[in-house]
Amino acid sequence: MRSDVHLLGELLGRVLRESGSPELFEDVERLRIATIQAYTDETDGAFANAASIAESFSIQRADEVARAFTAYFHLVNTAEEHQRVRALREREIVARHEDGADSIGAAFRQLTDEVGPDVAMDRLQSLKFHPVFTAHPTEARRRAVSDSIRRLAGLLDEHDEALGGTARQRNERSMLEEIDTLWRTAPLRAEKPSPVDEVRSIMAVFDETLYTTIPAVYRKVDDVLQGEKAGDAAPIVRPFVRLGTWVGGDRDGNPFVTASVTKQAAGIASEHALLGLERTAARVGRGLTLDASTTPPSPELRALWHRLRAADEAAGAEVAKRSPNEPHRRVLLLLARRIAATRTRDADLAYADPDQLLADLTVVQQSLIAAGAVRQAYGQLQEFIWQVQTFGFHLAELEVRQHSAIHREVLAELDEGTSTGEQPSELAEEALQVVRAIAQIQRRYGPRAAGRYIVSFTQSAEDLVNVHRLAAAAIGPNETAPVLDVIPLFETFADLQAAPGILAEVVQHPEFAARLDATGRRMEVMLGYSDSSKDVGPVAATLALYEAQRKISAWAQDNDIELTLFHGRGGALGRGGGPANSAILAQPPHSVDGRFKLTEQGEVIFARYGGRDIAMRHIDQVAAAVLLASAPSTEERNEDAAARYADVAATMDLSSRERFFSLVKAEGFAPWFATVTPMEEVGLLALGSRPARRGLSVESLEDLRAIPWVFSWTQARMNLAGWFGLGTALESVGDEQRLVAAYREWPLFHTLIDNVAMGLAKADTRIARHYLALGDRDDLAALVREEMALTRSWVIRIAGGGELLAGKPVLQRAVKMRSPYVDALSLLQLRALRALREAPEGAPADPDLQRLLLLSVSGVAAGLQNTG
């Protein structure tokens with residue numbers, strides 16, 4: 001990897017010399033060397049020298065330097081990702097059919113040892129992993145930049161194979177061209193993407209990765225579990241991944257997501273799914289050149305052929321001519337025609353739903369098995385069947401989300417309008433149209449395509465019942481109402497505590513009781529990580545979320561409800577970020593039970609699912625953790641640890657909240673926060689379609705969305721949203737030996753400490769001081785500095801090793817390698833932010849300074865990675 005980074009850095013240097021303005025490369029090098037020296041030399045003089053270099057540049061030069069460092073981070077990220085892929089591939093070659101300790105195969109073996117083969121097999125075959133893609137504004141890269149990076153990743157692959165001579169020269173020349181393109185591409189979007197643009201961005205991940213990767217995961221698991229019999233016997237694994245999406249459906253605070261957009265989103269997703277299935281059917285069909293004399297068709301296959309040919313006579317005749325004695329091939333090619341007809345809405349040929357297609361594919365598969373062509377039955381055809389089972393005709397279930405207050409307002413208006421005869425307002429009409437859009441999507445693409453309706457800020461059972469009241473108002477007496485699964489989203493500390501009581505009340509309501517009966521008593525409950533952390537601080541929120549899960553899971557067990565907890569996590573530590581598999585294994589008993597659903601947001605989508613190898617590894621790790629979470633040893637460990645350290649949790653909860661409130665509830669905190677971070681300027685970035693805050697003023701922290709709250713603290717190199725209050729909480733416990741034991745024995749505490757260690761390692765105390773100095777509140781600045789130092793001290797003592805991340809040397813090296821380069825961008829950002837803050841009140845902001853600030857924001861995000 002060091003070789004790759006060196007090569008890419010050398011090529012970038014060449015581009016800067018050739019394509020940058022005169023002496024740009026020398027200026028970049030001056031700042032780079034100075035920040036490296038300042039990072040290793042903790043004296044004030046070295047830091048002051050680096051800061052003075054950043055201040056000495058003209059605005060135009062600072063702009064170019066910021067772009068250069070941002071480009072460098074894109075290259076380093078590409079090299080690191082390539083190294084991960086390289087390591088995964090090398091391990092595959094060495095291990096062959098063996099697998100790692102955190103894989104599905106290993107989890108299944110452990111589960112078998114603990115609960116026996118029958119129970120383990122039942123749990124494997126009922127496994128569910130449900131990632132839900134969201135369009136939250138945390139991906140700072142333009143799509144054009146992402147595409148360039150993806151092409152560079154392909155060239156690095158080629159570079160590994162190009163042994164020398166002209167092949168190596170040609171490869172490096174192509175890299176140079178791509179890096180030059182990256183340098184010349186504008187790094188900032190000219191305008192915010194629309195919700196439909198965001199839908200199309202998600203489709204790129206499906207087209208380029210997920211469509212082929214998910215069946216490859218199933219295949220890999222089956223290979224591991226069946227060994228030599230794999231491909232020669234029916235697969236053990238059942239499709240366990242289901243995709244969801246909020247893109248085009250999440251209207252909480254986003255006025256640009258309308259009912260029309262929701263229908264467009266469903267249409268775009270279906271188009272991509274059906275195109276993929278159509279091409280796969282044709283490809284698999286072309287490969288089934290099995291002669292009837294060696295592989296005779298079953299009576300059911302012959303009957304299917306006659307039905308297909310009668311419905312599509314011209315195509316049937318053409319296929320019969322080209323494949324005269326290849327019955328299985330002929331059927332698959334006509335099935336491809338039916339899928340195409342479904343996409344183009346040809347009523348004579350179209351499938352009504354994916355179950356009809358699966359029935360036809362089952363006929364083909366069973367015919368092959370009966371004829372002895374087992375490998376063909378369980379080869380590419382099986383992977384095609386997995387794709388239909390996973391994606392259907394809709395690709396991902398489109399979920400709608402709306403704020404509970406909107407429902408209350410609309411229903412109050414409709415009730416009043418019923419008595420006065422007034423027409424619904426634009427807000428009310430749009431709310432009704434959303435329900436009608438869900439009904440239309442279900443009629444067109446099937447019930448799986450849409451139907452989950454999430455109520456954010458659920459504070460009472462009435463907030464959930466209101467969705468059914470709204471649906472009754474939207475759908476006429478002679479129309480078919482959509483099938484709705486109304487899902488509460490509990491976000492604040494108070495709401496999390498009230499959740500069990502709200503659930504117990506709402507399941508008595510007729511619509512909810514009927515839906516429970518129809519689904520086999522299945523129910524979803526969503527938990528919000530972002531707003532709960534902003535509400536009471538990261539420590540108290542972590543403990544409150546655990547306790548809410550414990551109580552909700554116990555309630556579900558007592559009421560014979562199959563519960564799925566939906567985790568509203570983000571990429572950043574202040575929003576539930578960090579490794580998903582370790583978080584899953586720290587959950588309370590019965591809160592997972594083989595089912596895990598979470599939001600995948602912003603830059604996390606492309607980091608986890610943008611490339612095939614890493615996506616396979618991520619899905620494998622998460623699914624393994626989901627299996628192991630219900631192992632008796634895991635549940636007993638978590639339950640025993642929670643009981644043993646309950647007093648520690650209680651002390652931490654109370655003291656961390658008090659410390660957090662002393663900061664965020666201090667008079668004037670919100671405008672101070674907006675001054676010492678680039679919060680206002682982050683709102684200017686064209687990151688996503690949704691506004692950065694709910695209101696117009698920063699006087700109220702409640703109106704600020706959790707995403708810019710976290711993002712802004714990250715940019716200011718403090719990562720405060722992920723740790724503030726922890727130092728005081730640990731100091732209140734005081735017993736270092738007991739806390740070290742808790743770190744060893746209590747998974748929830750271990751995960752919290754490790755995540756905070758990563759957040760603090762990416763922070764920088766000296767740079768944070770300069771951001772804090774932008775405000776005029778020495779008391780608040782001192783509070784932040786003291787808590788940061790206290791937290792750092794306790795985390796190091798608990799985790800051991802004498803410094804942050806000592807137990808994770810690979811991660812530690814990666815952070816240390818990046819930090820000086822991030823510092824360079826932070827110094828440029830500080831320069832711009834300071835100048836903007838010092839401008840006369842009421843004067844228009846300098847557009848060049850704003851651009852420099854936004855460039856640095858994009859660069860810091862690239863350097864720190866999990867920023868959203």
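Trainee: Where does the charged end of Arg17 sit?
Mentor: Over the ring of Phe25, 3.8 Å from the ring centre. Keep in mind that this is a predicted model.

Trainee: And the charged end of Arg67, which ring does that sit over?
Mentor: The ring of Trp183. The distance to the ring centre is 4.1 Å.

Trainee: What does Ser19 touch, leaving out residues up to four places away in sequence?
Mentor: Asp180, Trp183 and Arg184.

Trainee: Where is Ser19 in the chain's elements?
Mentor: Ser19 lies in helix α1. With 23% relative accessibility, Ser19 counts as partly exposed.

Trainee: Is Glu23 buried or exposed?
Mentor: Exposed, because its relative accessibility is 58% and the cut-off for exposed is over 50%.

Trainee: Which loop holds Ser591?
Mentor: The loop between α24 and β8. Ser591 counts as buried, at 2% relative accessibility.

Trainee: What does Ser591 touch, not counting residues up to four places away in sequence?
Mentor: Gln549, Ser553 and Leu565. Ser591 and Leu496 are 15 Å apart, C-alpha to C-alpha, and 95 residues apart in sequence.

Trainee: Which residues does Ser532 touch, again not counting residues up to four places away?
Mentor: Glu491, Leu496, Gly537, Ala541 and Leu545. Ser532 lies in helix α22 (residues 530-536). Ser532 is buried, with a relative accessible area of 0%.

Trainee: And how far is Ser532 from Ala824?
Mentor: In space, 33 Å from C-alpha to C-alpha. In sequence, 292 residues.

Trainee: Now Arg515. Which helix is that in?
Mentor: Helix α21 (residues 510-518). Arg515 counts as partly exposed, at 25% relative accessibility. Arg515 touches Val483, Leu484 and Asp485, not counting residues up to four places away in sequence.

Trainee: How far apart are Arg515 and Ser530?
Mentor: They are 15 residues apart in sequence. In space they are 29 Å apart, C-alpha to C-alpha.

Trainee: Switching to aromatics. How many aromatic pairs are there?
Mentor: The structure holds 22. One of them is Trp709 with Trp713, an edge-to-face pair. The centres are 5.9 Å apart, with 90 degrees between the planes.

Trainee: Where do those two sit in the helix?
Mentor: Both are in helix α31 (residues 706-715). They are four residues apart, so about one helical turn separates them.

Trainee: Are Trp709 and Trp713 buried or exposed?
Mentor: Trp709 is buried, and Trp713 is too.

Trainee: Which residues are in their cluster?
Mentor: Ring pairs link Trp709 and Trp713 with Phe669, Trp672 and Phe673.

Trainee: What about α29, how many of its residues are buried?
Mentor: Six of eight, in a helix spanning residues 669-676. The buried ones are Phe669, Ala670, Trp672, Phe673, Ala674 and Val676. Phe669, Trp672 and Phe673 also belong to the ring cluster.

Trainee: Last topic, helix packing. At what angle do α9 and α16 cross?
Mentor: Roughly 115 degrees, and their axes come within 9 Å. The crossing is right-handed. α9 covers residues 195-226, and α16 covers residues 380-391.

Trainee: Which residues meet there?
Mentor: From α9, they include Phe206, Leu210, Tyr211 and Ile214. From α16, they include Trp386, Gln387 and Phe391. The residues of this contact divide into eight nonpolar, four polar and two charged.

How values were computed:
Residues are numbered from 1 along each chain as its sequence is written. This is a predicted model: local features need pLDDT of at least 70, side-chain atom pairs count only at pLDDT 80 or more; totals for chains, interfaces and linings use all residues. Side-chain values use heavy atoms; hydrogens and water are left out. Rings of Phe, Tyr and Trp (its six-membered ring) pair if their centres lie within 6.5 Å; planes under 30 degrees apart count as stacked, over 60 as edge-to-face and the rest as tilted. Buried means under 20% relative accessible area, exposed over 50%, partly exposed in between (1.4 Å probe, protein chains only). A charge sits over a ring if NZ of Lys or CZ of Arg is within 6 Å of the ring centre and within 35 degrees of the ring normal. Axes are lines fitted to C-alpha atoms, for helices over the stretch in contact, and angles run from 0 to 180 degrees between N-to-C directions. A crossing is left-handed if the near helix is turned anticlockwise from the far one by less than a right angle, and right-handed if clockwise. Contact means heavy atoms within 4.5 Å. Ala, Val, Leu, Ile, Met, Phe, Trp, Tyr, Cys and Pro count as nonpolar, Asp, Glu, Lys and Arg as charged, and the others, Gly among them, as polar.
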